[in-house]
Amino acid sequence: MTTDLPADRLLITVAPTGAETAKEDCPQLPTTPEEIARTAAECEAAGAAMIHIHVRDADHRPTLDLGLLREWVAAVRDVSSLVVQLSTGGSVHDPLEDRLKVLDAEPDSCSLTMGTTNFGDDVFSNPWPFVCELYQLSQERQVVPEFELFDLGQVHALHRLLAKYGLPYGGRVHCDLVMGVPGGMNGTADALVAAVRDLPEAVTSWSATGIGRSTLAVALASLSKGGHLRVGMEDVLTIAKGVPVESNRQLVERVAELGRIAQRTPMTPDEARTFLGIR
């Protein structure tokens, strides 16, 4: 499926918070509605078109509380035009039934991880029946999924899902290769090429995320293969070896500049909506 967008457009997604990093260990991490709103405005100005949100409670701990999910979505929409994508992964400790309820907060998009992954010392559980239920729910609610792929087995699972249940709402299939997680695929150019090679024909676009020290290698490999990018403090907390990230804006600015070097122009949020098939 084609879009009317110029071929040079680059989708930059910012993942500003995540569920793993503690606020006391990283005070600059946005963990309140006010901080996420400021982050959204800054990152849109720097070139981001979509924001991938994990929510925190008043004690800065990860939560899937529906009221807080709605509050964070509203906070972002009040100050920006960014495509709002909520994580359905939550933290590795969240029950599956709570993760299904994330769609009640009416995001534009949701993450949908295609299988269970060893996540450091923890297990990020995504059993096949849950994946299928979440996918069908996204179709019913008209929420556009981003398929998160941590390894080649999950690339294969995406083939199975699309064959069984058809295309997502909006008709486009967008994936994010999450690379460099201990327990997932390596954050290398070779791993990226292998994953892209095996993507289903129905895939209309893909981005890549390099965790930790693989951030730059993955970003450069993705640009060289014509892919898109996700960056943010969910995925990396240093801007160079031993140098802490000051803000999510700093990470977005860096990949926007890499994109310019590769002759890619950051999408606007409106362009991203067209590109992803969001209503």
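1. The model is a predicted one: local features need pLDDT of at least 70, side-chain atom pairs count only at pLDDT 80 or more, and totals for chains, interfaces and linings use all residues. Residues are numbered from 1 along each chain as its sequence is written, and side-chain values use heavy atoms, with hydrogens and water left out.

2. H174 lies in strand β9, residues 174-179. H174 is buried, at 4% relative accessible area (buried is under 20%, exposed over 50%, partly exposed in between; 1.4 Å probe, protein chains only). Leaving aside neighbours within four places in sequence, residues in contact with H174 (heavy atoms within 4.5 Å) include L11, P145, F147, W206 and L276.

3. G180 sits in the loop between β9 and α6 (189-197). G180 is partly exposed, with a relative accessible area of 27%. Not counting residues up to four places away in sequence, G180 touches M185, N186, G187, I211 and S214. K164 is 16 residues from G180 along the chain, and their C-alpha atoms are separated by 29 Å.

4. The axes of helices α1 (residues 33-46) and α8 (residues 248-261) come within 9 Å and cross at roughly 15 degrees. That makes α1 roughly parallel to α8 (angles under 35 degrees). The contact is made by T39, E42, C43 and A46 of α1 and N248, R249, V252, E253 and A256 of α8.

Notes. Axes are lines fitted to C-alpha atoms, for helices over the stretch in contact, and angles run from 0 to 180 degrees between N-to-C directions. Helices (H or I, at least four residues) and strands (E, at least two) are DSSP runs, numbered from the N terminus. Angles under 35 degrees count as roughly parallel, over 145 as roughly antiparallel, 65 to 115 as roughly perpendicular and the rest as oblique.
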